Amino acid sequence: MTSPPLPAPPASLRELRPAVARECLRLESTLLRFGAARGQSLLLAVSGGGDSTALTVILALLAPRQDWRLHVCTVHHGLRAEADAECGQVQRLCAALHIPYHLRRAPVRELARAAGTGLEETARKARYALLEEVRQQTGCRWLLTGHQREDLCEDQLMRLLRGTGWPALGGMSDCDPERHLLRPLLHLSGKKLRQWLRDWGVPWSEDSSNDDPSFLRNRLRHTVLPLLEKENPAYGDSASRLRQLAQLDAAYWESTLDAALALTPWQQTEESITLPRALLRAHPAAVRLRLYLRALRCLSRRHGGQARAERLLALDAAWQEGRGNTRFQFPGGLVAVLRGGAVTFGEDGGA
């Protein structure tokens, strides 16, 4: 049976209520500030859910103003029976908006079994790998996702539970140049985006896995976050401000570490990074901890894993006590070895 055509989405900003049009123009300004320059090609990651569907309609309204060339990609994870219908709905929306559509499939269950990882993490890695592949194939400068303010709130809570330190505790960034990734909707509520879709007569899909309590994100979304919003109805605004402050602090710390390493460089080989005694002695604990973290992140791009705050604190305490020939294990098969007042990070067995 042929699926019915979608209702015609709004064709221009003039068809929107003034307040909504202003929000869309604010999003346009945000994208330009991030570096989505006039005439660039942009890839939208669209699942068919309300957030990414709203992103698609909004960008279709803004694209003619900036001569943006849009592409849409859906990644089919093969986990839910309704995913075929959702992909079809996205394809019809793209046809109505005259946007090229790309579908990619990821055998997530097989990948998870082979890697021994959970479905959610496996799906995320496979999805971003395929999206990056399509971004390069289509010549798009940026990948845009539909993450919105409730996603930011959940991400902050998950980071808090994992023991993430500041400023990473502020949550996901709205601009990640290294990954060519933009999240332009982080200042907007998902409830507001869905109301806009209702007003425009544009349907979207609800992912049934979003109600699965086996996933931590869903438990936070349906239990913890409503309690916080009950205590403070403007909790989402507070989360947005926290992210903004965290990004300002992150920029400050990056420049501080750059300056410290310019004066006293670390020694780096293909498999290890050594922070010399003179570098560590010249700075307080706050800087030392972030130097440790930077070194681990440089190495973990090859090895994976995420440093835990308690291990970094224990490492610095041992350095302050002057312990020698002491090893600390970190995720991803990495270790830190204290020797002669220096700290060397590398592979377990090689540091």
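Q: Which strands does helix α5 lie across, and at what angle does the helix run to β3?
A: In this predicted model, helix α5 (residues 119-138) lies across β1, β2, β3, β4 and β6 (181-182). The angle between α5 and β3 is about 145°.

Q: What is the order of the strands in the open sheet?
A: The six strands follow the order β3-β2-β1-β4-β6-β5, and their pairing is mixed.

Q: Why is one side of β3 and of β5 left without a neighbour in the sheet?
A: β3 (101-105) and β5 (175-176) each have a single partner strand and stand at the edges, so one side of each lacks a neighbour in the sheet.

Q: What makes β1 and β2 a pair?
A: Pairing requires at least two bridges. β1 and β2 share five bridges, in the parallel sense, and therefore count as paired strands. Leu 44 stands opposite Val 72 in β2.

Q: Which residues touch the most other members of the largest nonpolar core?
A: They are Leu 59, Trp 68, Leu 144 and Trp 200, in a core of 42 residues. Among the elements giving two or more residues to this core are α1 (18-34), β1 (41-45) and α7 (190-200), while α2 gives the most, with nine residues.

Q: What does Leu 144 touch, not counting residues up to four places away in sequence?
A: Leu 144 has heavy atoms within 4.5 Å of residues including Leu 31, Leu 55, Leu 59, Leu 182 and Pro 184.

Q: Which residues does the second, separate core include?
A: This core of 27 residues includes Leu 261, Leu 275, Leu 315 and Trp 319.

Definitions and conventions:
Residues numbered from 1 in each chain as written. Predicted model: local features only at pLDDT ≥ 70, side-chain atom pairs only at ≥ 80, totals over all residues. Heavy atoms only, no water. Core = buried A, V, L, I, M, F, W, Y, C linked by side-chain atoms within 4.5 Å. Buried < 20%, exposed > 50% of the residue type's maximum accessible area, 1.4 Å probe, protein only. Helix = DSSP H or I, 4+ residues; strand = E, 2+ residues; numbered from the N terminus. Axes fitted to C-alpha atoms, helices over the stretch in contact; angles between N-to-C directions.
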